[in-house]
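Please look through the sequence and the model below before reading on. The briefing that follows takes up selected sheets, helices and an annotated span in turn.

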There are 2 protein chains.
Amino acid sequence: MIRLFFLCLLAITFQCSAEPKIQGEDGYRLWLKYDLISDDVKRNHYLTVLGKYAVVGSSPTFEVVRQELSLASSGLLGEGQEVKEKEASLIIAAGDNAATFAKQYGIEWPKQGDDGYFIHDVGSQNQPKIFVLSKSEKGALYGTFRLLKQIQTDDVLSGINVASSPKVQLRVLNHWDNLDGHVERGYAGRSIWNWHKLPGYIDQRYVDYARANASIGINGTVLNNVNADPLMLTPAYLQKVRALADLFRPYGIQVYLSVKFSSPQLLGGLETSDPLEPGVQKWWREKVSEIYKTIPDFGGFLVKANSEGQPGPGDFGRTHAEGANMLAAALQPFDGIVMWRAFVYANEKNEERSKQAYSEFKPLDGQFANNVLVQVKNGPIDFQPREPFSPLFGATPETPLMMEFQITMEYLGFSTHMVYLGTMYEEVLESDTFAKGEGSTVAKVIDGQLFSNHITGMAGVANIGADRNWTGNIMLQSNWYVFGRMAWDPEVSAREVANDWTKMTLSHDPDTVDAVTTMLMDSHEITVNYMTPLGLHHIMGAGHHFGPAPWVDWLARDDWNSVYYHKAAEDGVGFDRSPTGVNSVEQYFPPLKELWAKPETTPEKYLLWFHHLPWDYRVSSSGRTLWNEIVHRYYQGAEDVARMAAKWNSLKEHIDPLQFEQVRMSLAIQQKEAIWWRDACVLYFMQYSQQPLPDNLEKPSHDLEYYQSLSFPHAPGQG
Amino acid sequence: MIRLFFLCLLAITFQCSAEPKIQGEDGYRLWLKYDLISDDVKRNHYLTVLGKYAVVGSSPTFEVVRQELSLASSGLLGEGQEVKEKEASLIIAAGDNAATFAKQYGIEWPKQGDDGYFIHDVGSQNQPKIFVLSKSEKGALYGTFRLLKQIQTDDVLSGINVASSPKVQLRVLNHWDNLDGHVERGYAGRSIWNWHKLPGYIDQRYVDYARANASIGINGTVLNNVNADPLMLTPAYLQKVRALADLFRPYGIQVYLSVKFSSPQLLGGLETSDPLEPGVQKWWREKVSEIYKTIPDFGGFLVKANSEGQPGPGDFGRTHAEGANMLAAALQPFDGIVMWRAFVYANEKNEERSKQAYSEFKPLDGQFANNVLVQVKNGPIDFQPREPFSPLFGATPETPLMMEFQITMEYLGFSTHMVYLGTMYEEVLESDTFAKGEGSTVAKVIDGQLFSNHITGMAGVANIGADRNWTGNIMLQSNWYVFGRMAWDPEVSAREVANDWTKMTLSHDPDTVDAVTTMLMDSHEITVNYMTPLGLHHIMGAGHHFGPAPWVDWLARDDWNSVYYHKAAEDGVGFDRSPTGVNSVEQYFPPLKELWAKPETTPEKYLLWFHHLPWDYRVSSSGRTLWNEIVHRYYQGAEDVARMAAKWNSLKEHIDPLQFEQVRMSLAIQQKEAIWWRDACVLYFMQYSQQPLPDNLEKPSHDLEYYQSLSFPHAPGQG
């Protein structure tokens, strides 16, 4: 099989050999490929717009706009140039210039925020004259990328009339990157930040990272791991950070840093880091002042405090609010902000883990300074394949909450499983908290609609590494892309984004686009089925989180073990978080707290998250017993991966051979690992259900002991 | 400065924006760029050959040949195709086919080994008809790459008549790559081996790695670090190794593994790893048999034993020969070999470190099994910027010695210093050991001429990583290249190779090629001057080996400290290894042992390696005092880097903008760090010389304490 495989590969390389390059599409260009449009009609249409453009004004951001238009026009059309305004069929303008054009051409420019853009055609059908207008240069840059997306996704430009503004202010990537180049929970190679070579060596990758982020509206990046190394705040490292900040500035991207709360002791030599100590406050004020001298538009701090061993205000008997506000006070004169993570669970507390963030932060509502956001993971545990939304969303009217999504797939198969997270993000954002009655969705909490927050934000834990294709798997570029799109507009449709991404990245053939979009849309549900169906959670390998391990029962803390979460026993399976159990449902608003208190009114996808149910419990949608339904889902999930792989293979002729082959190999791995998850989990739970597998199902190829014996000491991304 | 820098970068990207691709030459294609030849006359000449080729026969290796010819012809010429033999102007053939052609066309094919090739034109000046003939398919592959090099370096093909055979049998890369992706002493990013995704996912990089190696004749690769993880020998990892071996096979590359001597205990659960224990021997026999079942052409083992904490036969009171022979016996039935490293220095021994390898291995000469090579680092200490050759070369007539060069620049500025190692390798290989009288060069020891060894080899510790340009710096690709060329022919000229590489990689403009070749040729001597002039050695930072630190005196073992090696004191500086000192010169053959015993007959480049001399010692070549000569060399070295940087900047218009800018940034870093080395070392030694700097020299910008205070906890590549 390996040999066949090799011949296959050879054949593919051979196919591309008409090109002067070694390889096909290696994925580096992401969704900004700008390949020549082969359809003459289309190309000629776009030529009437992008062939002659004018960028009105000059500045670093407008240089970026010029560079992008030049790159895109020469790529997409084979020609295109900047001309004088009067000759231009595409005009990019900002600020007063934009206002003047609007007036001159009688353009009705809808009201929008500074970073919004308005794209409007004042020309004729055969000769469009399109304006991209914005109050700010940054908005004009976003508008430029939006216009290019229209072309990349085959939309007609004549008569275009698009206004868009970001609904969320801070659209931020979180890099869990250590200073030694290791990326915690990173599955795409080493950190893209080469701290050793900075500030003297600027990798071309940094430029293309900035372009990619700007193209989807991401306007901030936290460069280092939340498990922060205090060295990041030393002068030598601040010079390195500055080099990146200077590079990113024209792209509208601000730089943030994760900080260790005990830095005053570790770096400053103080005896305490107590946030109420004047000496500590002074140390932070001076450090912040030093940072802003180096980086005048520095964004602020991200803090993981009193969580998984990190120091925090709790070490000094202070609250999270007292800790956050101390840093906020130091940052406030410079308009810097604090993103304070709510992911906390304490050793000493007796409370069930899913309840702790709410218990800790709900009482602090109203106590945080104006420039603090509390950053909350989407679910109450930890980026599981599926979780209900965190009950904190909607619970803190006085405190802006920032969403923390994970883009890297710590619990979802690393970088060889194809899982589009758009549907998962959508599911969370569409969830109704009922905080102010029906329609109080998580999206409206995050974008500030619900409580009129003065500051809003969404963070994504990046899946980016130094692998040539950035994310270790071309298909997973879609998750970086959809994160940016949903941070711009939390109500955008996951399907629309999947469709755009596929066109920009993989193919313009309509059937192929449909097929891939469908695969993407189905992929998360499929994965949940073969990993953690029906609300099961936290049953993965210990430490590295790779593969199935529902048997883990040896870790020091109860709530680090798989058995704690599934509670499989002869009487049934699942975690009773209803009022008869730990009662986490009480943290939700009515009617959820009542609905989720009972299995029959709990959505099946959360069934075993909230309830411990007997093996013969009847699952209403299917009429199957719980045992049979679990088995069914595991088998269905694995089967669906095979179906996806077969579907992909049928698309071969419509996709670049290197892209095709890379995804083919990954899907083959996913197929194997889906069966591994299925077999290991089914065999494990069978011990307790004491019921057989239905006869028609393929039997596991190994016994449970075999699966339990597997170990992966070098699995990537370990913390 | 940072801001200016950024604008600069922008300007450059802007310049390339006429291209549809995001970037210029990113270095991935190495020396196999195959860009279209723009000169019509040249292109038409090559078209008469490469335009119509025939590869006679079919096999995996010949598929590789076909693929390469297709890639090269379409790239270099824009056209080219495989045709029938009779129509072909270029014919590749091996074995019986080759012999038939030779006979048919009356070609006088010189005698050569299996892997040699003969390229011969039987056509006319206007219409060449060129045969690439070899006894083996592998030789035909090498010949194909050689023919392509002729084209890439602008050589005329008409009348070509080139015969070449490898002078060394085993031409092997050593990857010091750990299973978690970290590369010990790696400065080009993470390991290219993605063990997690293997065997299912074959990165395109593996294919291009194989192509690059085959193009320069490298025929073996040791995949893992000599500080070996025993897990490498488990079935799961052997399947991963197999995937690579299967891929590399058609390229003529065999796979080897580093093994841990205590594997029988660690993996097999035995109570001992004593090589004379039958149980241990049985364990290895079975393990080797398992490996060959998986990988029928497996190459063998590389072993680091009883060295820097690694286990070895000495732990059981056995000799290196007993250890090596036990493994050799297990490998022998499968034609596998053992490469046993001579890099040993023991804690308990009282002997000076530079003498230990000789003392340990010289007495074992004649005791090693037939399929064992002893792998010796070029110098007696450890890959210092400059060392005299190891006295083991020439000292073991009965034992084949394998050269171990370091390609990665552990002690030479990592990946931001431009140091071409060709001259350093050449200096070592040209060194006369006098083992059998004058002319007994190291090259002749290595290629087996001197002692008629039945087996010969050269190993290079790879500088390859997952950085897009493979080596962290485009210029350092030349070191991978020259290693391969010198392993094929230890007597090839470093300048010729530098010239070839420059043409293939950077430019075809003759003045540019000359300028870059000169920079390459000068670069090592320049670096030695600003790091360790006149035979100084081992004065770098502790642990990470980054930057100057002649003050290191706190490490547990004497011979881990800088002060041990330079012995600077008021009475002078340098290590007395003459008969009045540790007398390591006695390990060399006459006349070296007499010549190097006295400072006046010791080459100045080794002066302080062998002698401790007073500060006012008169250096004969310059007439300067030792102190003034040391100062002069440090300043000269730093000045020469500035000169190189200025030279490079003058070449801007002849070099791809991205290549240009990347090297420009690296040279700027090198310039800064050369001054750092200079200032730190001069200030340090000044304490002992108690003499001032000459007035005309730029004063160090900091005091010694400053340099001593610098720390680099996250310097890359740490072991």
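**Strands, helices and a recorded domain**

In strand 2 of chain A, the residue A:Glu82 is the bridge partner of A:Tyr53. This is a predicted model, in which local features need pLDDT of at least 70 and side-chain atom pairs count only at pLDDT 80 or more, while totals for chains, interfaces and linings use all residues; side-chain values use heavy atoms, with hydrogens and water left out. Residues are numbered from 1 along each chain as its sequence is written, and chains are lettered from A and ligands numbered from 1 in the order in which they are written.

**The open sheet of chain A**

- Six strands of chain A form an open sheet in the order 2-1-3-5-4-6, with mixed pairing; two strands pair if DSSP finds at least two bridges between them, and strands (E, at least two residues) and helices (H or I, at least four) are DSSP runs numbered from the N terminus.
- The edges of this sheet are strand 2 (81-82) and strand 6 (161-164) of chain A, each of which pairs on one side only.
- Strand 1 (residues 52-55) of chain A is joined to strand 2 of chain A by two bridges in the parallel sense.
- Helix 3 (residues 60-76) of chain A lies across strand 1, strand 2 and strand 3 (90-94) of chain A, and runs at about 170° to strand 1 of chain A; axes are lines fitted to C-alpha atoms, for helices over the stretch in contact (heavy atoms within 4.5 Å), and angles run from 0 to 180 degrees between N-to-C directions.

**Strand 5 of chain A**

- Five of the five residues of strand 5 (residues 130-134) of chain A are buried, so this strand is largely enclosed by the rest of the structure; buried means under 20% relative accessible area, with a 1.4 Å probe and protein chains only.
- From strand 5 of chain A, A:Ile130, A:Val132 and A:Ser134 point one way, whereas A:Phe131 and A:Leu133 point the other way, and all are buried.
- Strand 3 of chain A pairs with strand 5 of chain A in the parallel sense over five bridges, and A:Ala94 stands opposite A:Ser134 in strand 5 of chain A.
- Strand 4 (residues 117-121) of chain A pairs with strand 5 of chain A in the antiparallel sense over four bridges, and A:Asp121 stands opposite A:Ile130.

**The barrel of chain B**

- In chain B, eight strands close into a barrel in the order 7-8-9-10-11-12-13-14, and the pairing is parallel.
- Strand 13 (residues 401-406) and strand 14 (residues 457-461) of chain B pair in the parallel sense over five bridges, with B:Gln406 opposite B:Val461 in strand 14.

**Helices of chain B**

- Seven of the nine residues of helix 11 (residues 353-361) of chain B are buried, so this helix is largely enclosed by the rest of the structure.
- The buried residues of helix 11 of chain B, among them B:Tyr358 and B:Phe361, pack against helix 10 (320-331), strand 11 (337-341), strand 12 (372-377) and helix 17 (562-566) of chain B.
- The axes of helix 14 (residues 477-488) and helix 15 (residues 494-505) of chain B come within 10 Å and cross at roughly 130°.

**A recorded domain in chain A**

- UniProt, in an unreviewed entry, places the feature "domain: Glycosyl hydrolase family 67 C-terminal" at residues 471-696 of chain A; such annotations may be inferred rather than shown by experiment.
- The end C-alpha atoms of residues 471-696 of chain A lie 39 Å apart, and the span is 51% helix and 0% strand.

Notes: Buried < 20%, exposed > 50% of the residue type's maximum accessible area, 1.4 Å probe, protein only.
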